[in-house]
Amino acid sequence: MVRTPLTPEERERGERLGRLLRTARGDRSMAEIAARAGISPETLRKIETGRAPTPAFFTVAALSDTLGLSMDDVARACGTAPVQAVA
């Protein structure tokens, strides 16, 4: 499978996500947070360093829950506007 190259904006958004997660993790180990979120420490490392700038939604949701972040906070920090619900 060939992936299309990421845009500079997508790469920057991935870097912002990584910074947010590193900050929220604080002194807790990468292995501890990864285990609680149900992902590998290597996956968390890649996300935090921006090498995986577009992680799956459920990965981000699991990390957010583990770190006590709301998805709204994550969306704001990563530069995406929240989607308005359609009635």
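What covers the buried residues of α4? The cover includes α1, α2, α3 and α5 (71-77), where contact means heavy atoms within 4.5 Å and buried means under 20% relative accessible area, with exposed over 50% and partly exposed in between (1.4 Å probe, protein chains only).

A quick note before clicking on: this is a predicted model, in which local features need pLDDT of at least 70, side-chain atom pairs count only at pLDDT 80 or more, and totals for chains, interfaces and linings use all residues. Residues are numbered from 1 along each chain as its sequence is written, and side-chain values use heavy atoms, leaving out hydrogens and water.

Colour by secondary structure: you'll see 5 helices and 0 strands. Helices (H or I, at least four residues) and strands (E, at least two) are DSSP runs, numbered from the N terminus.

Now select Thr59, Val60, Leu63, Ser64, Thr66 and Leu67, the buried residues in α4. They sit on the same side of α4 because they cover an arc of only 165° around the axis, taken from the directions from the helix axis to the C-beta atoms. On the face turned away, pick out exposed Phe57, Phe58 and Asp65. Just after α4, Gly68 has a positive phi of about 75°.

Next, zoom in on Leu63. Leaving aside residues up to four places away in sequence, Leu63 touches Leu21, Ile33, Ala37, Ile39, Leu44 and Ile47.
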